[in-house]
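This report examines one protein model together with its ligand. Please consult the sequence and the structure shown here before reading on.

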Amino acid sequence: MPTPQISAVSIQKSYRKGELRVPVLKGVNAAANKGEFLSIIGQSGSGKSTLLHLMGLLDSPDVGEVRLDGQRVDNLPSKTRDELRNRVFGFIFQFYHLLPELTLQENVLTPLMIRHPLWTYWPRRKHYREMALDIIDQVGLSHRLKHRPSELSGGEMQRAAIARALIAQPEILLADEPTGNLDSETGGEIMDLLHRLNEEQQLTIIMVTHDESVAASAHRTIRLAQGQMEQVEKVA
Ligand code: ADP
Ligand code: MG
(Lines give C-alpha, C1' and ligand atoms only; values in the text may rest on other atoms or scores of the structure.)
(Ligands and ions follow the chains in the order given, each with its own letter.)
Protein backbone atom coordinates (compact mmCIF):
# COMPACT_ATOMS: atom_id res chain seq x y z
CA MET A 1 0.00 0.00 0.00
CA PRO A 2 1.45 3.39 -0.92
CA THR A 3 1.50 6.11 1.70
CA PRO A 4 -1.69 8.14 1.16
CA GLN A 5 -1.26 11.73 0.10
CA ILE A 6 -3.55 12.77 2.93
CA SER A 7 -4.88 10.85 5.87
CA ALA A 8 -6.98 11.50 8.93
CA VAL A 9 -6.10 8.95 11.59
CA SER A 10 -8.30 8.09 14.58
CA ILE A 11 -9.75 11.58 14.68
CA GLN A 12 -11.87 12.60 17.64
CA LYS A 13 -13.56 15.97 17.86
CA SER A 14 -16.26 17.28 20.14
CA TYR A 15 -17.89 20.64 20.65
CA ARG A 16 -19.02 22.23 23.90
CA LYS A 17 -22.67 23.01 24.27
CA GLY A 18 -22.91 24.87 27.56
CA GLU A 19 -21.92 22.30 30.18
CA LEU A 20 -22.12 19.45 27.70
CA ARG A 21 -19.39 18.06 25.51
CA VAL A 22 -21.00 16.80 22.30
CA PRO A 23 -18.83 14.27 20.46
CA VAL A 24 -19.01 14.66 16.67
CA LEU A 25 -16.15 12.48 15.42
CA LYS A 26 -15.36 9.40 17.53
CA GLY A 27 -12.24 7.93 15.99
CA VAL A 28 -12.60 8.59 12.27
CA ASN A 29 -10.16 7.33 9.65
CA ALA A 30 -10.11 8.68 6.10
CA ALA A 31 -7.37 8.74 3.49
CA ALA A 32 -6.91 9.63 -0.15
CA ASN A 33 -4.14 8.83 -2.61
CA LYS A 34 -2.78 11.32 -5.11
CA GLY A 35 -5.21 11.71 -8.01
CA GLU A 36 -8.06 10.03 -6.20
CA PHE A 37 -11.61 11.41 -6.12
CA LEU A 38 -13.00 10.46 -2.73
CA SER A 39 -16.52 11.22 -1.57
CA ILE A 40 -17.64 11.26 2.04
CA ILE A 41 -21.36 10.88 2.51
CA GLY A 42 -23.37 11.47 5.65
CA GLN A 43 -26.57 13.03 6.88
CA SER A 44 -26.80 16.65 7.87
CA GLY A 45 -25.07 17.09 11.22
CA SER A 46 -22.99 13.91 10.91
CA GLY A 47 -19.73 15.88 11.03
CA LYS A 48 -18.78 16.08 7.34
CA SER A 49 -17.82 19.75 7.39
CA THR A 50 -16.01 19.26 10.69
CA LEU A 51 -13.93 16.45 9.20
CA LEU A 52 -13.18 18.40 6.02
CA HIS A 53 -12.05 21.42 8.05
CA LEU A 54 -9.77 19.20 10.11
CA MET A 55 -8.26 17.58 7.02
CA GLY A 56 -7.73 21.04 5.49
CA LEU A 57 -5.97 22.32 8.62
CA LEU A 58 -8.66 24.90 9.31
CA ASP A 59 -9.21 23.33 12.72
CA SER A 60 -7.40 20.86 15.00
CA PRO A 61 -8.59 17.49 16.27
CA ASP A 62 -8.92 16.76 19.99
CA VAL A 63 -7.33 13.35 19.43
CA GLY A 64 -5.78 11.80 16.33
CA GLU A 65 -3.60 13.03 13.52
CA VAL A 66 -3.77 14.56 10.06
CA ARG A 67 -0.90 13.49 7.83
CA LEU A 68 0.34 14.71 4.46
CA ASP A 69 2.50 12.15 2.65
CA GLY A 70 2.79 10.29 5.94
CA GLN A 71 4.03 13.29 7.94
CA ARG A 72 1.95 14.51 10.84
CA VAL A 73 0.89 18.13 10.21
CA ASP A 74 -2.00 18.93 12.57
CA ASN A 75 0.39 19.68 15.45
CA LEU A 76 2.68 22.09 13.57
CA PRO A 77 2.92 25.71 14.75
CA SER A 78 -0.03 27.71 13.46
CA LYS A 79 2.07 29.81 11.07
CA THR A 80 3.53 26.69 9.44
CA ARG A 81 0.06 25.20 9.23
CA ASP A 82 -1.28 28.35 7.58
CA GLU A 83 1.50 28.23 4.96
CA LEU A 84 0.93 24.55 4.36
CA ARG A 85 -2.82 25.06 4.04
CA ASN A 86 -2.39 27.86 1.50
CA ARG A 87 0.05 25.83 -0.57
CA VAL A 88 -1.60 22.41 -0.45
CA PHE A 89 -5.36 22.95 -0.29
CA GLY A 90 -8.06 24.56 -2.34
CA PHE A 91 -11.53 24.84 -0.83
CA ILE A 92 -14.95 25.13 -2.39
CA PHE A 93 -18.21 25.48 -0.47
CA GLN A 94 -21.95 25.09 -0.89
CA PHE A 95 -22.52 28.85 -0.84
CA TYR A 96 -19.44 29.78 -2.93
CA HIS A 97 -18.18 32.47 -0.51
CA LEU A 98 -17.33 34.94 -3.26
CA LEU A 99 -16.76 38.57 -2.34
CA PRO A 100 -19.84 40.47 -3.60
CA GLU A 101 -18.11 43.76 -4.37
CA LEU A 102 -15.41 42.18 -6.58
CA THR A 103 -15.71 41.09 -10.20
CA LEU A 104 -15.27 37.45 -11.15
CA GLN A 105 -11.71 38.09 -12.27
CA GLU A 106 -10.87 39.94 -9.04
CA ASN A 107 -12.42 37.16 -6.95
CA VAL A 108 -10.25 34.61 -8.71
CA LEU A 109 -7.14 36.68 -8.01
CA THR A 110 -7.78 37.07 -4.26
CA PRO A 111 -5.71 34.03 -3.15
CA LEU A 112 -2.66 35.43 -4.93
CA MET A 113 -3.23 38.88 -3.44
CA ILE A 114 -3.41 37.32 0.01
CA ARG A 115 -0.37 35.14 -0.55
CA HIS A 116 1.95 37.81 -1.94
CA PRO A 117 2.74 41.15 -0.35
CA LEU A 118 1.94 44.12 -2.57
CA TRP A 119 5.56 44.72 -3.57
CA THR A 120 5.86 41.26 -5.08
CA TYR A 121 2.27 41.13 -6.38
CA TRP A 122 2.41 44.46 -8.21
CA PRO A 123 5.36 43.77 -10.56
CA ARG A 124 3.80 40.42 -11.50
CA ARG A 125 0.23 41.59 -11.76
CA LYS A 126 0.10 41.15 -15.55
CA HIS A 127 1.33 37.58 -15.28
CA TYR A 128 -1.19 36.84 -12.53
CA ARG A 129 -4.03 38.35 -14.55
CA GLU A 130 -3.07 36.08 -17.45
CA MET A 131 -3.05 33.08 -15.10
CA ALA A 132 -6.54 34.08 -13.94
CA LEU A 133 -7.77 34.42 -17.54
CA ASP A 134 -6.44 30.97 -18.36
CA ILE A 135 -8.12 29.35 -15.35
CA ILE A 136 -11.38 31.23 -15.90
CA ASP A 137 -11.31 29.89 -19.45
CA GLN A 138 -10.81 26.33 -18.12
CA VAL A 139 -14.00 26.62 -16.07
CA GLY A 140 -15.90 28.10 -19.04
CA LEU A 141 -16.46 31.64 -17.77
CA SER A 142 -14.40 33.80 -20.13
CA HIS A 143 -17.54 35.70 -21.09
CA ARG A 144 -18.20 36.76 -17.48
CA LEU A 145 -14.88 38.36 -16.40
CA LYS A 146 -16.24 41.71 -15.26
CA HIS A 147 -19.44 40.38 -13.74
CA ARG A 148 -20.04 40.55 -10.00
CA PRO A 149 -21.39 37.51 -8.14
CA SER A 150 -24.92 38.99 -8.04
CA GLU A 151 -24.87 38.96 -11.85
CA LEU A 152 -23.91 35.26 -12.04
CA SER A 153 -26.05 32.13 -11.81
CA GLY A 154 -25.46 29.58 -9.05
CA GLY A 155 -23.56 27.29 -11.40
CA GLU A 156 -21.43 30.21 -12.59
CA MET A 157 -20.67 31.23 -9.01
CA GLN A 158 -19.52 27.71 -8.21
CA ARG A 159 -17.34 27.69 -11.35
CA ALA A 160 -15.87 31.00 -10.18
CA ALA A 161 -15.18 29.52 -6.76
CA ILE A 162 -13.47 26.54 -8.40
CA ALA A 163 -11.32 28.90 -10.48
CA ARG A 164 -10.38 30.79 -7.31
CA ALA A 165 -9.39 27.51 -5.65
CA LEU A 166 -7.30 26.48 -8.67
CA ILE A 167 -5.28 29.65 -9.10
CA ALA A 168 -3.10 28.81 -6.12
CA GLN A 169 -2.33 25.45 -7.81
CA PRO A 170 -3.47 23.27 -4.92
CA GLU A 171 -2.54 19.61 -4.62
CA ILE A 172 -5.81 18.69 -2.95
CA LEU A 173 -9.25 20.18 -3.53
CA LEU A 174 -11.63 19.97 -0.56
CA ALA A 175 -15.25 20.39 -1.60
CA ASP A 176 -18.01 20.89 0.97
CA GLU A 177 -21.41 20.11 -0.61
CA PRO A 178 -20.34 21.77 -3.88
CA THR A 179 -23.65 20.98 -5.59
CA GLY A 180 -25.81 21.45 -2.49
CA ASN A 181 -27.33 24.71 -3.66
CA LEU A 182 -27.74 23.81 -7.34
CA ASP A 183 -30.46 22.11 -9.36
CA SER A 184 -29.54 18.60 -10.48
CA GLU A 185 -28.60 19.55 -14.05
CA THR A 186 -26.31 22.39 -12.95
CA GLY A 187 -24.94 20.20 -10.18
CA GLY A 188 -24.16 17.57 -12.81
CA GLU A 189 -22.20 20.15 -14.81
CA ILE A 190 -20.17 21.07 -11.74
CA MET A 191 -19.47 17.38 -11.11
CA ASP A 192 -18.35 17.00 -14.75
CA LEU A 193 -15.97 19.91 -14.26
CA LEU A 194 -14.57 18.39 -11.07
CA HIS A 195 -14.08 15.05 -12.82
CA ARG A 196 -12.30 16.73 -15.71
CA LEU A 197 -9.91 18.55 -13.33
CA ASN A 198 -9.34 15.31 -11.44
CA GLU A 199 -8.48 13.41 -14.62
CA GLU A 200 -6.54 16.05 -16.54
CA GLN A 201 -4.53 17.45 -13.64
CA GLN A 202 -4.41 14.45 -11.31
CA LEU A 203 -5.95 16.78 -8.77
CA THR A 204 -6.90 14.91 -5.61
CA ILE A 205 -10.49 15.72 -4.64
CA ILE A 206 -12.20 15.04 -1.34
CA MET A 207 -15.87 15.94 -1.51
CA VAL A 208 -18.45 15.73 1.26
CA THR A 209 -22.12 15.53 0.41
CA HIS A 210 -25.42 14.28 1.78
CA ASP A 211 -26.53 13.34 -1.76
CA GLU A 212 -26.10 9.65 -2.65
CA SER A 213 -26.18 10.21 -6.41
CA VAL A 214 -23.54 12.96 -6.24
CA ALA A 215 -21.32 10.81 -4.00
CA ALA A 216 -21.64 7.79 -6.28
CA SER A 217 -19.69 9.35 -9.14
CA ALA A 218 -16.48 9.46 -7.08
CA HIS A 219 -13.84 6.71 -7.32
CA ARG A 220 -14.57 5.67 -3.77
CA THR A 221 -17.14 6.59 -1.14
CA ILE A 222 -16.98 6.41 2.62
CA ARG A 223 -19.87 7.02 4.95
CA LEU A 224 -19.85 9.02 8.14
CA ALA A 225 -22.48 7.95 10.67
CA GLN A 226 -22.67 8.05 14.47
CA GLY A 227 -19.25 9.67 14.52
CA GLN A 228 -17.64 6.78 12.70
CA MET A 229 -16.61 5.85 9.19
CA GLU A 230 -17.60 2.90 7.07
CA GLN A 231 -16.67 1.90 3.53
CA VAL A 232 -19.43 1.97 0.94
CA GLU A 233 -19.33 -0.96 -1.45
CA LYS A 234 -19.91 -0.04 -5.06
CA VAL A 235 -22.79 -1.93 -6.60
CA ALA A 236 -21.70 -2.95 -10.08
P1 ADP B 1 -22.39 18.28 8.56
O2 ADP B 1 -21.42 19.08 7.75
O3 ADP B 1 -22.28 16.81 8.31
O4 ADP B 1 -23.79 18.75 8.40
P5 ADP B 1 -21.07 19.52 10.81
O6 ADP B 1 -19.67 19.03 10.76
O7 ADP B 1 -21.31 20.89 10.31
O8 ADP B 1 -22.01 18.46 10.10
O9 ADP B 1 -21.59 19.48 12.31
C10 ADP B 1 -21.61 18.29 13.08
C11 ADP B 1 -22.18 18.60 14.46
O12 ADP B 1 -21.31 19.45 15.15
C13 ADP B 1 -23.52 19.30 14.43
O14 ADP B 1 -24.30 18.79 15.48
C15 ADP B 1 -23.17 20.74 14.67
O16 ADP B 1 -24.23 21.41 15.31
C17 ADP B 1 -21.96 20.65 15.55
N18 ADP B 1 -21.02 21.76 15.33
C19 ADP B 1 -20.36 22.02 14.19
N20 ADP B 1 -19.54 23.08 14.32
C21 ADP B 1 -19.70 23.52 15.59
C22 ADP B 1 -19.13 24.58 16.36
N23 ADP B 1 -18.23 25.41 15.84
N24 ADP B 1 -19.54 24.71 17.65
C25 ADP B 1 -20.44 23.87 18.19
N26 ADP B 1 -21.00 22.84 17.52
C27 ADP B 1 -20.65 22.67 16.25
MG1 MG C 1 -21.70 20.62 6.44
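The shell around ligand 1 (residues with a heavy atom within 4 Å of it) consists of Tyr15, Val24, Gln43, Ser44, Gly45, Ser46, Gly47, Lys48, Ser49 and Thr50. Helix α1, residues 48-55, contributes the most to this shell, with 3 residues.

Ser49 instead places a polar side-chain atom 2.9 Å from a ligand oxygen. On its own, ligand 1 has 560 Å² of accessible area, of which the protein covers 58% (Shrake-Rupley method, 1.4 Å probe).

## The nonpolar cores

A nonpolar core joins buried Ala, Val, Leu, Ile, Met, Phe, Trp, Tyr and Cys residues through side-chain atoms within 4.5 Å; buried means under 20% relative accessible area, with a 1.4 Å probe and protein chains only. The largest core has 39 residues, and Ile92, Ile136, Ile162, Ile167 and Leu194 touch the most other members. Its largest share, 8 residues, comes from α6.

A second, separate core has 29 residues, including Ile11, Ala30, Phe91 and Ile206.

## Basis of the values

This is a predicted model: local features need pLDDT of at least 70 and side-chain atom pairs pLDDT 80 or more, whereas totals for chains, interfaces and linings use all residues. Residues are numbered from 1 along each chain as written, chains are lettered from A and ligands numbered from 1 in written order, and side-chain values use heavy atoms, without hydrogens and water.

How values were computed
Buried means under 20% relative accessible area, exposed over 50%, partly exposed in between (1.4 Å probe, protein chains only). Helices (H or I, at least four residues) and strands (E, at least two) are DSSP runs, numbered from the N terminus. A polar contact is a pair of N or O atoms within 3.5 Å; within protein, one must be able to donate a hydrogen and the other to accept it, and residues adjacent in sequence count only if both atoms are side-chain atoms.
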